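Please read the points below with the coordinates at hand.

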Amino acid sequence: MGTGSSRRTVLKRTGALTAVGVAGLAGCLGGDQEADVEGETLRIGAFQPVSGDLQYYGEISLMGFYSGLAYKYGESPDDVADVSPGEYEFDPEDGPTYEIYLEDTELSVDTAQRVTEDLVVDHDVDVLFGGTLSESARRVIGTTVAEADIPYIVGPAADADITNSAEHCHEKVFRASEHTAMDARAGGRFVAEETDATTIAIMHIDDAFGRSVANNWQAVLEAEGLDVLDPRGVDSDFTEFEGLFDEAVADGADGVVGGFTAIQLPAFLSTGIGYDVQLFGGFADLLTTQLIGDTVEAELGEDFTEDDVRDAGLGPFTSRYHWNQYDDEINDEFIDMHVDAYGMVPDLFSGGTFVGGSALVQAVEESESTDGDDIADAMRGMTVEDTPKGEGGYVFQESNNQAASEMTVAWPVPTDEEFAETWGAAVMPGEPIATLDAEEVMVPADELDCDLG
């Protein structure tokens, strides 16, 4: 019997799963698998929040992943799957049949654990993909992945500890999506070397993501010789930032870093723009940028310029990925296929999850197998051929299975007319003012608390 059956047996025996009574194994691979994967089936268990406050995060992450799968076979992401929960089949001419089972996590950690367990037991998936909340990704790693020993492609959850900490990293867990330590190492060095800021306040949501932002920015900024005030964490429903900014300015801050999601980032930025400080952090997704654009227009007027934005202290920001930060043939095709399929350019999380899909296909091709263990073996240390940051633009580090890639820094600028319909916000990332190599933004292996070697 194949690997999937033993996974299900272990999970049921340990009581980790809520589903019981599943018998048999559909599509069980025999011991002598043929090298040609045509005619084989690869089952992907996808889980993202596709309802609730961060529904958009889940949707764009899926769109990127579908685009990565489709790109490898010269198909459209429309042909892969929808962003609504359900069961889908993608049957490219030159590959295996991909069965995709998409579950809604409802932005709940408990739900993420439950649906991934169900995906393993009820659908015998070979690979897991997903996780927007960092807490959800951490829970799934510690439960479903630990018990089932199943490969898991994380994305877009950005807590650096998911791959950097021995508590969470795992030999079957891979992440192409960029994370908070990469943000900090790119942005922090730029702030220290290229701006006049000397004392930095850090404000963040008090969860795994926000604490990771605070810890990594503080470490980088202090290493670069800047003064950093004690980070201030706030609850997820906090929106009244005036008091925190008053306190930061009174304590001498001339720069402020924010670590928030789309729920709070607009309130943070709209408040901060009224203070004599420079705001730093990472470029947001479209949903948040639309709200930021509204704030900029309200504060600076609808005919605001790039200089107006700079004078207001908004940026510069780091970009994990945005469509206009990379000029290469793969990214150009990614933009075209994404606009054709979804009516919008790829967004913040799209690049990393595209690479997750692209790497999965590459692993199937290189291993000539649809078995999860073979796929994991192929992904370990892989240089991903087809990425929006260029050919070979992401490399999975053998020390922790995190993909290294370069990052950019850019100012917000008024949105170009050509992107008015496909971006749909008043501001967008400008041309990169700095591009940092992967080696500059990755935590060195000897500084990691994770060693899978």
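1. The structure is a predicted model. The points below should be read with that in mind.

2. Helices α2 and α13. Helix α2 covers residues 55–72 and helix α13 covers residues 350–367; the two pack at an angle of about 35 degrees, and their axes are 7 Å apart. The crossing of α2 over α13 is right-handed. On the α2 side the contact includes Gly 64, Phe 65, Gly 68 and Leu 69, while the α13 side includes Phe 354, Gly 356, Gly 357 and Leu 360. Sorted by class, this contact has ten polar, seven nonpolar and two charged residues.

3. Helices α6 and α7. Helix α6 (residues 180–194) packs against helix α7 (residues 208–223) at an angle of about 35 degrees, with 8 Å between the axes. Here too the handedness should be noted: α6 passes α7 in a right-handed crossing. Residues of α6 in the contact include Ala 181, Ala 184, Arg 185 and Val 191, and those of α7 include Phe 209, Asn 216, Trp 217 and Leu 221. The contact of α6 with α7 is made up of eight nonpolar, five polar and three charged residues.

4. The largest pocket. Its volume is about 630 Å³. The lining of the largest pocket comprises 42 residues, and those nearest its centre are Tyr 57, Phe 209, Phe 260, Thr 261 and Ala 262. Phe 209 also belongs to the α7 side of the contact with α6. At least two lining residues come from each of α7, β10 (255–259), α9 (265–272) and α10 (286–300). By class, the lining of the largest pocket has 27 nonpolar, ten polar and five charged residues.

5. The second largest pocket. The volume in this case is about 240 Å³. Of the 16 residues that line the second largest pocket, Ala 181, Arg 185, Asn 216, Val 443 and Glu 447 lie nearest its centre. Ala 181 and Arg 185 in α6, and Asn 216 in α7, also take part in the contact between these helices. α5 (161–164), α6 and α7 each give at least two residues to the lining of the second largest pocket. That lining is divided into eight nonpolar, six charged and two polar residues.

6. Met 428. This residue lies in strand β18, which spans residues 427–429. Is Met 428 buried or exposed? With a relative accessible area of 4%, Met 428 is classed as buried, because that value falls under the 20% cut-off. Leaving aside residues up to four places away in sequence, Met 428 touches, among others, Phe 283, Trp 323, Trp 411, Phe 419 and Trp 423. Val 413 is another of its contacts; the C-alpha atoms of Met 428 and Val 413 are separated by 5.6 Å, although the two residues are 15 residues apart along the chain.

7. Pro 432. The loop between β18 and β19 (434–436) holds Pro 432. Pro 432 has a relative accessible area of 27% and is therefore partly exposed, a class that runs between 20% and 50%. Not counting residues up to four places away in sequence, Pro 432 touches Gln 325, Thr 408, Val 409 and Ala 410. From the C-alpha atom of Pro 432 to that of Ser 319, 113 residues apart along the chain, the separation is 9.0 Å.

Key
Residues are numbered from 1 along each chain as its sequence is written. This is a predicted model: local features need pLDDT of at least 70, side-chain atom pairs count only at pLDDT 80 or more; totals for chains, interfaces and linings use all residues. Side-chain values use heavy atoms; hydrogens and water are left out. Axes are lines fitted to C-alpha atoms, for helices over the stretch in contact, and angles run from 0 to 180 degrees between N-to-C directions. Helices (H or I, at least four residues) and strands (E, at least two) are DSSP runs, numbered from the N terminus. A crossing is left-handed if the near helix is turned anticlockwise from the far one by less than a right angle, and right-handed if clockwise. Contact means heavy atoms within 4.5 Å. Ala, Val, Leu, Ile, Met, Phe, Trp, Tyr, Cys and Pro count as nonpolar, Asp, Glu, Lys and Arg as charged, and the others, Gly among them, as polar. On a 1 Å grid over the protein atoms alone, a cavity is a set of points where a 1.4 Å probe fits but cannot get out, and a pocket is an open set with protein on both sides within 12 Å along at least five of seven lines; lining residues have an atom within 4 Å of a point. Grid points are joined across faces, edges and corners, and a volume is the space filled by probe spheres set on the points. Buried means under 20% relative accessible area, exposed over 50%, partly exposed in between (1.4 Å probe, protein chains only).
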